[in-house]
There are 4 protein chains.
Amino acid sequence: MTRLAPDRRADYRPFLVISTRWMDNDVYGHVNNVVYYSYFDTVVNQYLVERGVLDIDHGAVIGLVVETRCHYFRPIAFPDVVHAGLRVARLGNSSVRYEIGIFRNDEMRAAARGHFVHVYVDRASNRPTPLSAQFRAALEPLAG
Amino acid sequence: MTRLAPDRRADYRPFLVISTRWMDNDVYGHVNNVVYYSYFDTVVNQYLVERGVLDIDHGAVIGLVVETRCHYFRPIAFPDVVHAGLRVARLGNSSVRYEIGIFRNDEMRAAARGHFVHVYVDRASNRPTPLSAQFRAALEPLAG
Amino acid sequence: MTRLAPDRRADYRPFLVISTRWMDNDVYGHVNNVVYYSYFDTVVNQYLVERGVLDIDHGAVIGLVVETRCHYFRPIAFPDVVHAGLRVARLGNSSVRYEIGIFRNDEMRAAARGHFVHVYVDRASNRPTPLSAQFRAALEPLAG
Amino acid sequence: MTRLAPDRRADYRPFLVISTRWMDNDVYGHVNNVVYYSYFDTVVNQYLVERGVLDIDHGAVIGLVVETRCHYFRPIAFPDVVHAGLRVARLGNSSVRYEIGIFRNDEMRAAARGHFVHVYVDRASNRPTPLSAQFRAALEPLAG
């Protein structure tokens, strides 16, 4: 059984506001299914960068994506504003399962929800590496 | 339990060859996780268009994506060529679960695999509509 | 000779704030040259939608892009915030030449500048159509 | 005056075949103006990689994009196949102006044409560096 991420705003913290773009809309006039995943890796990585635990250019540890998933409930369309909520569903030894709720404008129920699993590896060797204490401390507030 | 799509070339038919693009690569030098989903909806929709059962501009029935998922095994990088294999895992009354294997160049094991669930709806009313006999006939060879 | 758009914030009005995304960065760690054009058509179309002179789904008149150009001065990188400034350089009978300045975070000199030429056509016939009085009124404040 | 790239197939060599993707189409049912630029940097970089004069991951010299432009003549739409023709309009000391013709399926007149200017810089210092003899040799056949 696949446990689904919840879909109320109260189930997530923090939120990142993401502007939609003209080209996000596909031929049916709604944000294309692919684009939601760009919101997912934006909210995850931006959180990590802002907390100082991911240095994209020079860090010794990087996150590799091993699994992603999305359920789509209601359409979003440019120029809507996306509010991407984040939570941590599992904080493993070297991996993290993030859950994301995608909310449209001021709506309170998620338009979509998904998950995103990162394995953290040594940039040079590409081998999994245990999460540092600093990294765990940055994520624990999201793991409630 | 989530049944995973298989990962050998023999498990899929047909295949679509998709060229990678410079901008598919992300900062770590590999095709970004998001881009795999653009391969998924390309192989599904191109199959439907070529079989004459999806008319993007004028058809009365369109496919809405309700769920997608991807497991990533090995990296792909521009200028690799992607071979996207398709199969139908479930042919429902008004929905189809497609499974996709993503193969890099001439490799025989999938670099990634995923699924993609379409619900077919009436374009005007947005309500699910039973798959036509013609549509089912186009997909049955993939459902074996 | 190609007249270049100016590159100070004071040369543009209005501004649209656009969030960058993880996948905007290419392998060299900066926003890929292609992505700037997605900022261009976002700022133009969002302005038109918000002024009520472009109805993406149902309007009788749509804008076709006939020419675009960009000069790149300084890099931008996720998670920077983009401030896209807009101006109208030429308000023709059925076409508009927009100029866009792309500013990074709180920088005062443009990181890039470009133009974007729309010809407005009848959606059904695809033939150029004179700009309506309402449309001209919406753009005149940008044509200073 | 802006010299425009020519628009017959005979004006370009070599050609790269690029598959379109479902999400290339925008809400008006045609390949979005932004996406053409992804064809441009794909054909340029793929040519350089295949000739062995660009090593994306480890090369000491990389190409920075300083200017791009595109004129759009006729629409392309998924699932069309793009044939991207390349030529070199100017081979400078440390920069190259490429011209690209975008042809739809088996059409003989370009659907779009554009240019793409690369300045080659040292990856570490970011300063322009003269083109190597090997690099010039790779491009001279396109400069005819």
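Helices (H or I, at least four residues) and strands (E, at least two) are DSSP runs, numbered from the N terminus. With that convention, select G52(A), which lies just after α1(A) and takes a positive phi of about 80 degrees.

The model is a predicted one: local features need pLDDT of at least 70, side-chain atom pairs count only at pLDDT 80 or more, and totals for chains, interfaces and linings use all residues. Residues are numbered from 1 along each chain as its sequence is written, while chains are lettered from A and ligands numbered from 1 in the order in which they are written.

**Helix α1 of chain A**

The 18 residues of α1(A) should span 26 Å at 1.5 Å a residue, and the end C-alpha atoms are 27 Å apart, which agrees; the expected span is 1.5 Å times one less than the number of residues. Of these 18 residues, 16 are buried, so that the helix is mostly covered. Here a residue is buried if 20 or more other C-beta atoms lie within 10 Å of its own, exposed if 12 or fewer, and partly exposed in between, with C-beta atoms placed from the backbone.

**Chains A and B**

Now display chain A with chain B. In the contact, 19 residues of chain A meet 19 residues of chain B, two residues being in contact if their C-beta atoms, placed from the backbone, lie within 7 Å. On the side of chain A that touches chain B, the elements giving two or more residues are α1 (33–50) and β2 (61–72) of chain A. β2(A) gives the most, with nine residues. The copies meet through the same surface, because 100% of the interface residues of chain A are also interface residues in chain B.

Next, select β2(A) and β2(B), residues 61–72 of chain B: these strands pair in the antiparallel sense over five bridges. Two strands count as paired if DSSP finds at least two bridges between them. One bridge to inspect is that of E67(A), whose partner in β2(B) is H71(B).

**The sheet of chains C and D**

Move to chains C and D and select their strands. An open sheet of ten strands has the order β1(C)-β3(C)-β4(C)-β5(C)-β2(C)-β2(D)-β5(D)-β4(D)-β3(D)-β1(D), with antiparallel pairing. At the edges stand β1 (15–19) of chain C and β1 (15–19) of chain D, each with a single partner strand, so one side of each is left without a neighbour in the sheet.

**Chains D and A**

Finally, show chain D with chain A. Chain D can be laid on chain A with an RMSD of 0.0 Å by a turn of 180 degrees and a shift of 0.0 Å along the axis. The two copies are thus related as by a two-fold rotation axis. To find this axis from chain D, select V27(D): its C-alpha is the nearest in that chain, 2.0 Å from the axis. The contact takes seven residues from chain D and seven residues from chain A.

Terms used:
Least-squares fit on C-alpha atoms with pLDDT ≥ 70 in both.
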